[in-house]
Each structure stands twice: as C-alpha cells, then as structure tokens.
Amino acid sequence: MAEKEFGAIQTADPEMKRVLKLAENVAASRATVLIHGESGTGKELLARFIHAKSQRAGRRLVAVNCAAVPDGLLESELFGFEKGAFTGAASSKPGKFEMASESTFLLDEISEMPLLLQAKLLRVIQEGEVERLGARQPVKVNVRLVATTNRDLAQMVRAGQFREDLYYRLNVLPLRVPPLARRPRDIELLARFFLEVSSGANGRRVNGLSGEAMSKLLAWSWPGNVRELENVIERSVLLAEGETIRDDEVLISGFPGSAWGRPEAGEEDGFPRLSIAPGMTLGEAERRLILETLEYTRQNRTRAAKLLGISIRTLRNKLHEYNGTGNLASAEAE
Ligand SMILES: Nc1ncnc2c1ncn2[C@@H]1O[C@H](COP(=O)(O)OP(=O)(O)O)[C@@H](O)[C@H]1O
Ligand SMILES: [Mg+2]
C-alpha cells in the first residue's frame, strides 16, 4: 500500500540499478542514509523507495524540505513547541521529528540547515529524544533518518558551513544518484515513460518520438535532470501535432548553443524571446507571456492554458481583461 503512494523508479541504467540494489539492501536496517545527487535526479523518490522497502512502510513517511522552510520557522517545524513557548504559540504542536516516530523522517536538502539547528539535530540523533521549544521534558523518538543533499557536504565541512560531526553521523550509508546526462539509457526509457503518462493525463494521442527528437534528447546536458526531462516531454506532448513527436516539437531551454553551456542572449533555442525587464509590472510581464504563448499554440487556448499551468477559465478571464471587450470569438478549444 505504501508503495503505491509514489511512482515506481524507472531505470535501465546499470549504475542506477546498482544504487537501487544497495538501497534495497539497507532499507531494512535503521541506519541513517544520506542520498547525494544533483537536483531533480530522483533523490526524494529514492528516499521514498527505501521507506517503502523497510519495515516502517506501513506508516507514513514524514518529510521536511530544509530549503523550502524559512530559517526562522525551521526549528519549530522540526522540533515542535509548547503553548506559550513564544509569542503566537497559542497551542502546543508536535514537531515533524516527533511525528515521524516509528516511521521514516526525510530531511530533504539538509545542506540548507543553519549551523545552530545542525547542533540540535545532532543531539536528537545521538540521544534519540526531542524537546519541543518551551518544553521541560524531552520525548523519546524512534526515527529512521534519510537525508538528501545536492551540495557537496564534505566540501561544506571544509568551508566551515556544515558540522563535521553531523556529517559523519549522516554519512553512514551514502548513496549517490548519478546525473541524468550520465544515464543515456534512462533518457530514452524515461522519455517514453513520461510520454505515456503525459499523453494519458492530457488526453492526447501521442505515442512516440521521432529518431531526431530522441537524438536531441540524448544530446542535451540535462542540468535539471529527470525533473527537466519530465517537463520537456510534457511540453512536447502538448505541442505535438501528430502522433509522433518531431524534433522541432522538443523545446529545451538553452538548446543548442553549445550543448553544455547556456545560450547567449538572443540565441535561438526554439522559444520565442520575450522582452521582460525590471521596471515592468508583474501584470505586464504576465500579459506578454500569455499572449506569446497563445501565439505559440496558434491561439489554441486549451494548450496555452496547459503550458501556462493555469485553468482555461483563468486564461479566458485574463484575455477578457486585456481586451476589455469580451471578445471571446477566437478558437476556444479543440
Ligand atoms: N527513475 C525515475 N523514474 C520515474 N520518475 C522519476 C525518476 N527519477 C525522478 N523521477 C521524477 O522526477 C521528478 C524529480 O524527482 P525527485 O525525486 O523530486 O528529485 P530530487 O529530490 O533529486 O530533486 C519527480 O517528479 C520524480 O517523480
Ligand atoms: Mg527534491
């Protein structure tokens, strides 16, 4: 059941398979796992896989993304607080650590944890108990910790930005997820996988990629890794005119130029260039993007809304606003 909560890890890459095997082997133990890898490589998915393969799978994995929680809130988010612990603490609240007891606690992007909290975290790990802010008594917790990082923690230790003792505590079982560019078989497999998922989800009959389109995918450096590929494929599915995606329907931001670098200003990458600059209102920038996207989809509002990530209704309202007229005559949907 717990395994159904997240998608299965798709891979055809030998190194990735080895990592999965390792992950499966360590899943059963209570040992802390540290997952290294670039952003978007599938670290969180791997963490959930470990949880699903562990004896704790019956319980819900609890996750905190250290980069997503503002610094000032991270401490109470992790450790919880008692009523009256600080202004605004009207009632007491358990921290995520406590909530993860008997289960797995995923500390995502642990490199972003401030040094002071690192010290506190180390104590929790060593003593197996947490103290809510303002509490007199610590509570015992039984947590299996999985942490992820897209930064080089050893390097951060040398630079004095990460506690060495905590690093060794975390790095008991290091797993390294290779970047997508070093997994060519996965580029092919995942492209086909996301194509199937995306065409199903968007109700579009797209069932393959042309040879040129696949070559383009294989030539790219994928700085955003699997997450980027997922987005590129979804965009292609939305733009595809036929059942097979052509290479000109594969839009990759930054492609080509040098395949390993960023594009120069004004360089052609398949995207129309938008003129947006500081001094412009958000509203104006939004208006330009919306109109440019419509241009791109040849006024197909259904596709434009999907690309923009808004509902067709919102899109219609915006256009209504821009026109001031309520001219809704142009192509509505398919
Ligand atoms: N091997 C894979 N098979 C299927 N989906 C994957 C795979 N790797 C990553 N993904 C998907 O790519 C996206 C990014 O993965 P995620 O685990 O959040 O990466 P990270 O935590 O390293 O940034 C998610 O939508 C995830 O489901
Ligand atoms: Mg992540």
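**Around the ligand**

By class, nine polar, four nonpolar and four charged residues form the shell around ligand 1. Please keep in mind that this is a predicted model.

- In total, 17 residues surround ligand 1, and the closest are Q10, G42, K43, E44 and V226.
- Helix 2 (43–52) and helix 10 (225–239) are the elements that give two or more residues to this shell.
- Domain 1 (2–178) and domain 2 (183–271) each supply at least three residues to the shell around ligand 1.

**Helix 8 and helix 10**

- Helix 10 also packs with helix 8, at an angle of about 50° and with the axes 9 Å apart.
- That angle makes helix 8 oblique to helix 10, and helix 8 passes helix 10 in a right-handed crossing.
- On the helix 8 side, the contact is made by I187, L190, A191, F194, L195, S198 and S199.
- On the helix 10 side, V226, L229, E230, I233, E234 and V237 take part.
- This contact of helix 8 with helix 10 has nine nonpolar, two polar and two charged residues.

**Helix 8 and helix 9**

- The axes of helix 8 (residues 184–201) and helix 9 (residues 211–219) come within 10 Å and cross at roughly 135°.
- Helix 8 and helix 9 are therefore oblique to each other, and helix 8 passes helix 9 in a right-handed crossing.
- P184, I187, E188 and A191 of helix 8 meet M214, L217 and L218 of helix 9 in this contact.
- By class, the contact of helix 8 with helix 9 has six nonpolar residues, one charged residue and no polar ones.

Key. Residues numbered from 1 in each chain as written. Chains lettered and ligands numbered in written order. Predicted model: local features only at pLDDT ≥ 70, side-chain atom pairs only at ≥ 80, totals over all residues. Axes fitted to C-alpha atoms, helices over the stretch in contact; angles between N-to-C directions. Helix = DSSP H or I, 4+ residues; strand = E, 2+ residues; numbered from the N terminus. Parallel < 35°, antiparallel > 145°, perpendicular 65-115°, else oblique. Left-handed = near helix turned anticlockwise from the far one by under 90°. Contact = placed C-beta atoms within 7 Å. Nonpolar A, V, L, I, M, F, W, Y, C, P; charged D, E, K, R; others polar. Near = placed C-beta within 6 Å. Domains from an automatic or database assignment.
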